[in-house]
Amino acid sequence: MRFVATLILAGSLLTGQTNYSLIKGTVFAAQGRRVQGAKVVIVRNDVDAKLQKKSRKEILSDRNGEFAFRMDVGPAKFRLTAEVKGLQTAEREIEVSGDERVDVSVVLKN
(Lines give C-alpha, C1' and ligand atoms only; values in the text may rest on other atoms or scores of the structure.)
Protein backbone atom coordinates (compact mmCIF):
# COMPACT_ATOMS: atom_id res chain seq x y z
CA MET A 1 0.00 0.00 0.00
CA ARG A 2 2.81 2.39 0.88
CA PHE A 3 4.50 1.69 -2.48
CA VAL A 4 1.28 2.50 -4.38
CA ALA A 5 0.87 5.79 -2.52
CA THR A 6 4.47 6.72 -3.39
CA LEU A 7 3.83 5.95 -7.08
CA ILE A 8 0.67 8.07 -7.11
CA LEU A 9 2.48 10.99 -5.46
CA ALA A 10 5.44 10.72 -7.84
CA GLY A 11 3.12 10.58 -10.84
CA SER A 12 1.23 13.68 -9.76
CA LEU A 13 4.47 15.57 -9.21
CA LEU A 14 5.74 14.64 -12.68
CA THR A 15 2.57 15.72 -14.45
CA GLY A 16 2.64 19.04 -12.57
CA GLN A 17 6.05 19.94 -13.97
CA THR A 18 6.27 22.71 -16.51
CA ASN A 19 9.07 23.15 -18.99
CA TYR A 20 10.99 26.38 -19.15
CA SER A 21 14.04 27.96 -20.71
CA LEU A 22 16.81 28.96 -18.32
CA ILE A 23 18.82 32.04 -19.20
CA LYS A 24 21.78 32.24 -16.86
CA GLY A 25 24.74 34.56 -16.95
CA THR A 26 27.39 36.71 -15.38
CA VAL A 27 27.93 40.47 -15.48
CA PHE A 28 31.54 41.63 -15.84
CA ALA A 29 33.25 45.02 -15.86
CA ALA A 30 35.62 45.73 -18.77
CA GLN A 31 38.61 44.80 -16.56
CA GLY A 32 37.18 41.30 -16.07
CA ARG A 33 35.92 41.67 -12.50
CA ARG A 34 32.43 40.42 -11.69
CA VAL A 35 29.82 43.09 -11.01
CA GLN A 36 27.55 42.70 -7.98
CA GLY A 37 24.23 44.55 -7.90
CA ALA A 38 23.84 45.17 -11.62
CA LYS A 39 20.21 45.52 -12.69
CA VAL A 40 19.53 42.85 -15.31
CA VAL A 41 16.28 43.06 -17.30
CA ILE A 42 14.96 40.55 -19.82
CA VAL A 43 12.05 41.11 -22.21
CA ARG A 44 10.69 38.86 -24.93
CA ASN A 45 10.99 40.94 -28.09
CA ASP A 46 9.44 38.73 -30.78
CA VAL A 47 5.86 39.44 -29.65
CA ASP A 48 3.60 42.51 -29.60
CA ALA A 49 4.15 45.32 -27.08
CA LYS A 50 1.45 44.13 -24.65
CA LEU A 51 3.01 40.67 -24.38
CA GLN A 52 6.49 42.20 -24.13
CA LYS A 53 5.36 44.14 -21.07
CA LYS A 54 3.97 40.96 -19.47
CA SER A 55 7.17 39.01 -20.16
CA ARG A 56 9.49 41.60 -18.54
CA LYS A 57 11.55 40.33 -15.61
CA GLU A 58 14.17 42.13 -13.54
CA ILE A 59 16.80 40.94 -11.07
CA LEU A 60 20.03 42.16 -9.47
CA SER A 61 23.23 40.22 -10.08
CA ASP A 62 24.48 38.43 -6.95
CA ARG A 63 27.85 38.88 -5.21
CA ASN A 64 29.48 36.77 -7.96
CA GLY A 65 27.90 38.88 -10.70
CA GLU A 66 25.55 36.02 -11.60
CA PHE A 67 21.86 36.06 -12.52
CA ALA A 68 19.26 33.58 -13.84
CA PHE A 69 15.82 33.83 -15.41
CA ARG A 70 13.24 31.09 -15.95
CA MET A 71 11.31 31.94 -19.09
CA ASP A 72 8.51 30.16 -20.94
CA VAL A 73 9.59 27.47 -23.38
CA GLY A 74 10.78 28.77 -26.77
CA PRO A 75 11.11 29.26 -29.60
CA ALA A 76 11.52 32.85 -28.49
CA LYS A 77 13.78 35.88 -28.80
CA PHE A 78 14.74 38.05 -25.86
CA ARG A 79 16.54 41.33 -25.25
CA LEU A 80 18.66 41.32 -22.10
CA THR A 81 20.05 44.56 -20.66
CA ALA A 82 22.41 45.03 -17.74
CA GLU A 83 23.31 48.28 -16.05
CA VAL A 84 25.03 49.61 -12.97
CA LYS A 85 25.83 53.18 -11.98
CA GLY A 86 29.17 54.36 -13.38
CA LEU A 87 29.33 51.91 -16.30
CA GLN A 88 27.69 51.83 -19.74
CA THR A 89 24.53 49.79 -20.17
CA ALA A 90 25.03 46.60 -22.19
CA GLU A 91 22.45 44.79 -24.34
CA ARG A 92 22.38 41.22 -25.66
CA GLU A 93 19.97 39.49 -28.00
CA ILE A 94 19.19 35.91 -26.98
CA GLU A 95 17.33 33.23 -28.91
CA VAL A 96 16.02 29.95 -27.52
CA SER A 97 14.44 27.14 -29.46
CA GLY A 98 12.93 25.05 -26.67
CA ASP A 99 13.32 24.13 -23.01
CA GLU A 100 17.04 24.74 -22.96
CA ARG A 101 19.67 26.54 -20.92
CA VAL A 102 21.49 29.51 -22.43
CA ASP A 103 24.63 30.90 -20.77
CA VAL A 104 25.38 34.59 -21.31
CA SER A 105 28.28 36.87 -20.41
CA VAL A 106 27.59 40.59 -20.27
CA VAL A 107 30.44 43.13 -20.21
CA LEU A 108 29.78 46.66 -18.93
CA LYS A 109 32.30 49.14 -20.30
CA ASN A 110 33.56 52.34 -18.68
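Predicted model: local features only at pLDDT ≥ 70, side-chain atom pairs only at ≥ 80, totals over all residues.

Reader: What holds paired strands of a sheet together in general?

Author: Strands of a sheet pair through backbone hydrogen bonds, and the sense may be parallel or antiparallel. In the present case, Ile42 has Lys57 in S3 as its bridge partner. Strand S2 also runs antiparallel to strand S5 (residues 76–83), to which 6 bridges join it. There, Val40 stands opposite Ala82 of S5, and the bridge partner of Lys39 in S5 is Glu83.

Reader: In what order do the strands of the antiparallel sheet stand?

Author: The order is S3-S2-S5-S6, an open sheet of 4 strands with antiparallel pairing. S3 and S6 are at the edges with a single partner strand each, so one side of each has no neighbour in the sheet. From one strand to the next, the twist averages 20°.

Reader: Which strands form the sheet with mixed pairing?

Author: That open sheet consists of 3 strands in the order S4-S1-S7. Its edge strands are S4 (66–72) and S7 (101–108), each of which pairs on one side only. Neighbouring strands are turned against each other by 25° on average, if direction is ignored. Within this sheet, S1 and S7 pair in the parallel sense over 8 bridges; Ala29 has Leu108 in S7 as its bridge partner.

Reader: How should I read the surroundings of a single residue? Is Val40 buried or exposed?

Author: One compares the relative accessible area with a cut-off: a residue under 20% is called buried. Val40 has a relative accessibility of 0%, and therefore counts as buried. Its place is in strand S2. Beyond its neighbours within four places in sequence, Val40 is in contact with several residues, including Val27, Ile59, Phe67, Leu80 and Ala82.

Reader: Where do nonpolar side chains tend to be found in soluble globular proteins?

Author: They tend to be buried together. The largest nonpolar core of this model has 22 residues, and those that touch the most other members are Ile23, Val27, Phe78, Leu80, Val106 and Leu108. The elements giving two or more residues to this core are S1, S2, S4, S5, strand S6 (90–96) and S7. To see one member in detail, consider Ile23: leaving aside residues within four places in sequence, its contacts include Ile42, Phe67, Phe78, Leu80, Ile94 and Val104.

Reader: What does the side chain of Ser21 reach?

Author: Ser21 is found in strand S1 (residues 20–29). Its relative accessibility is 0%, so Ser21 counts as buried. The side chain of Ser21 reaches the backbone oxygen of Gly98 at 2.7 Å. Not counting residues up to four places away in sequence, Ser21 touches Phe69, Asp72, Val96 and Glu100, among others.

Reader: How many salt bridges does a search of the whole structure find?

Author: In this context, a salt bridge requires a side-chain nitrogen of Lys or Arg within 4 Å of a carboxyl oxygen of Asp or Glu. The search finds 7 salt bridges. One of them joins Glu83 and Lys39, with their closest N and O atoms 3.5 Å apart. This pair links distant parts of the chain, for Glu83 is in strand S5 and Lys39 in strand S2, 44 residues apart. Glu83 is partly exposed at 33% relative accessibility, and Lys39 is partly exposed at 28%.

Reader: Which residue forms a salt bridge with Arg79?

Author: Glu93 does, the closest N and O atoms being 3.5 Å apart. Arg79 lies in strand S5 and Glu93 in strand S6, so the pair ties together parts 14 residues apart in sequence. Arg79 is partly exposed, its relative accessible area being 33%. Salt bridges with shared partners join Arg79, Glu91 and Glu93 into one network. A further salt bridge is formed by the side chains of Arg101 and Asp103, at 3.0 Å from N to O. Asp103 counts as exposed, because its relative accessibility is 53%.

Definitions and conventions: Residues numbered from 1 in each chain as written. Heavy atoms only, no water. Pairing = 2+ DSSP bridges. Buried < 20%, exposed > 50% of the residue type's maximum accessible area, 1.4 Å probe, protein only. Contact = heavy atoms within 4.5 Å. Polar contact = N/O pair within 3.5 Å; in protein donor to acceptor, adjacent residues only side chain to side chain. Axes fitted to C-alpha atoms, helices over the stretch in contact; angles between N-to-C directions. Core = buried A, V, L, I, M, F, W, Y, C linked by side-chain atoms within 4.5 Å.
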